[in-house]
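Please read them with the structure open beside you.

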Amino acid sequence: MLKKISKIYHRIIVFLHLSPLSLAEKCRIAFGSAVVLTLVLALLIPYAWMRQLTRQILLDSSRARAETLIRRHFQIHGSPETTLAMLDDRGKVMDPNKIDIRWVRLKKSDIVTVPRRLGEEEQVHALTQPQQQMVNELKEDEDTLDQMRFATVKGKLYTNYVRVFRATEACVSCHNPQGSAEAFNRNEPIGAVIVERPAEEIRRAVLLNRVWIVVAMLIGSAGAFVAFYIITQRVILSPIRQLRGLVNNVAEGNLDIRSSINTRDEYEKLSDAFNHMLDGLQATQEKLRQANKQLDEKIIELSERNIELFRANKIKGEFLANISHEFRTPLNSIMGFAQVLRDKPGSLEEAKGKRYAENIIAGGQRLLNMINDLLYLAKAEAEKIQLHIEQATAEEICSAVMDSFVEMVREKNIEMRLKIQPKIPTLVNDAGKIQQILENYMSNAVKFTPEGGSVELKAAMLDEKTVRFSVTDTGCGIAETDKEKLFQKFGQVGNPLTRQYTGTGLGLAITKELADMLAGEVGFKSRLEKGSTFWLDIPVTLAKDESPKKQQ
């Protein structure tokens, strides 16, 4: 049954285009219906009470008139057979044309008639059918004294009040067979008072009562609607609208906004819960941002490493192509001269045999140098190289380097110069590693400088704590496209197949590793066909824990 009623209700709502309803409309309809129902139930009580009160007032008025009529009409003296005249509400003889209150003498007969005036020759006014019915009902019902009913006569509303009087002990004391008046039996109906009054004023009063009740209901409903509208807007809908706006801002990505509802009720608790949720979301978003940032850094790092691996693989490929040539050349020379010495040991001249032996030694020395470079680089990468910190002057280091290349520059007719700035303090560093780096610089300078060129080794203070060693040559220089290959492992300038200078390309890589161990820096500047300058910047005093390699 409830499901059917619910379906009918929803159909009516949809038919009237009242669905879907917003929360405000639902609250207004629900509160409005509750207010109307409450007012109707509340006003039904005064309405019923006023109606009953009007009837009771009319009934009390009619009873009072009946009592007054009785007190004025009954007299102790007089003949019982004399017919009493009908009186009005003032106790005077009633005008036959204006009858509103009448006294009717009741006979022992069941039929009620109106007494006749002047010997009962004519009936003054006969009772109406409703009045006769009321009299007969009261005669039969000994417990009820009076009745009042409304009746319509010729389109007009009247009230009929009927009261039946019965003989009491006081009446029987006079009205008995021994007395002068007509004899009555105890509790015998002896007469009836009939009051017939127009009810238009009563109708107007009832109508006015209804109108004022309706007006009161309308005023109460209007006030309640206004009150509930204000309450709905401020207490219910205002926090909801604020939360809805907050949710829209959050949906747009603004997580810094917070709710400021301060109603000290469930809305404030909901607001606090929503703010707590936003704090959690913001913290989670910050964690995701940090995680994404770290992931991006890892991706960038992996990308750089992949690029480095690609470059390393490419360089290793070039190195293998180059090193195979570098190893094959001296090996072929050694094997060729060795086979000649084996096949013709006695037929060779002493000078020629000596020259062949020197070529074998030179080829072996080249192979040994290349192998030593490879092993030294592997040892440096494995951090197996030990530092030997000692005191040494810049002049001592540079002189030792110059002495190593006297024969080479003489053979190529290259001018070699040494410039040392005065007042360079004594170095506390690994002099052997410094000398090895400078020898690498000098070797490359002499190798790439043509005959008639010059090479200069220079030492000078860069600042109070740093000394710079530099090697400058007038060689071929380095192209811009090849500069990034320098100081890389297996990096060599030019095409390895057409290169006129031999080498493994490990010298500058080893130089950079050694410079890092000495807490120093390497660099260069070069112009193509103009020459190059390579330098080494190292601290004057190197502590044992100052090396970056040691710190790692």
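Predicted model: local features only at pLDDT ≥ 70, side-chain atom pairs only at ≥ 80, totals over all residues.

1. In which helix do Asp 516 and Lys 512 both lie, and how many residues apart are they? Both are found in helix H11 (residues 507-517), four residues apart, about one turn of the helix.

2. On to the salt bridges in general. A search of the whole structure turns up eleven of them. In one of these, Asp 279 pairs with Arg 258, and the closest N and O atoms are 2.6 Å apart. This pair links distant parts of the chain: Asp 279 belongs to helix H6 (residues 266-343), while Arg 258 sits in the loop between H5 and H6, 21 residues apart. As for accessibility, Asp 279 has a relative accessible area of 38% and is partly exposed; Arg 258, with 28%, is partly exposed as well.

3. Arg 417 and Glu 456 deserve a point of their own. Their side chains form a salt bridge at 3.5 Å, N to O. Arg 417 lies in strand E8 (residues 415-420) and Glu 456 in strand E10 (residues 454-461), so the pair ties together parts that are 39 residues apart in sequence. Is Glu 456 buried or partly exposed? Glu 456 is buried, because its relative accessible area is 14% and the cut-off for buried is under 20%.

4. Glu 415, Arg 417, Lys 419 and Glu 456 are linked by salt bridges. If you colour by charge, these four residues are the ones to select for this point.

5. Now the aromatic rings. How many aromatic pairs does the structure hold? There are two. In one, Tyr 441 and Phe 534 form a tilted pair, 5.5 Å centre to centre, with 40 degrees between the planes. The pair joins distant parts of the chain, with Tyr 441 in helix H10 (residues 431-448) and Phe 534 in strand E13 (residues 531-539), 93 residues apart. Tyr 441 counts as buried at 3% relative accessibility, and Phe 534 counts as buried at 11%.

6. Phe 534 also takes part in the other pair. With Phe 524 it forms a stacked arrangement, 5.4 Å centre to centre and 20 degrees between the planes. This pair, too, links distant parts of the chain: Phe 524 in strand E12 (residues 521-527) and Phe 534 in strand E13, ten residues apart. Why is this pair called stacked, and the Tyr 441 pair tilted? Planes under 30 degrees apart count as stacked, so 20 degrees qualifies for Phe 524 and Phe 534, whereas the 40 degrees of Tyr 441 and Phe 534 falls in the tilted range. Tyr 441, Phe 524 and Phe 534 together form one aromatic cluster.

7. Two further details concern this part of the note. The C-alpha atoms of Tyr 441 and Asp 473 are separated by 9.8 Å, the two residues being 32 apart along the chain. Separately, the charged end of Arg 468 sits over the ring of Trp 535, 4.5 Å from its centre.

8. Next, the surface. Val 36, Leu 37, Val 40, Leu 41, Leu 44 and Phe 225 make up a nonpolar patch there, with about 500 Å² of accessible area together. Which helix gives the largest share of the nonpolar patch? Helix H2 (residues 23-73) does, with five residues. Phe 225 has its place in helix H5 (residues 200-251), and at 38% relative accessibility Phe 225 counts as partly exposed.

9. Last, the cysteines. A disulfide is a covalent bond between the sulfur atoms of two cysteines. The count of disulfides here comes to zero. Cys 398 is buried, with a relative accessible area of 0%, whereas Cys 476 counts as partly exposed at 30%.

Notes: Residues numbered from 1 in each chain as written. Heavy atoms only, no water. Phe/Tyr/Trp six-rings, centres within 6.5 Å; stacked < 30°, edge-to-face > 60°. Helix = DSSP H or I, 4+ residues; strand = E, 2+ residues; numbered from the N terminus. Buried < 20%, exposed > 50% of the residue type's maximum accessible area, 1.4 Å probe, protein only. Lys NZ or Arg CZ within 6 Å of the ring centre and 35° of its normal. Patch = residues over 30% accessible without salt bridge, like charges linked within 9 Å, V, L, I, M, F, W, Y side chains within 5 Å. Areas by Shrake-Rupley, 256 points an atom, 1.4 Å probe, with all protein chains shown as cover. Disulfide = S-S within 2.5 Å.
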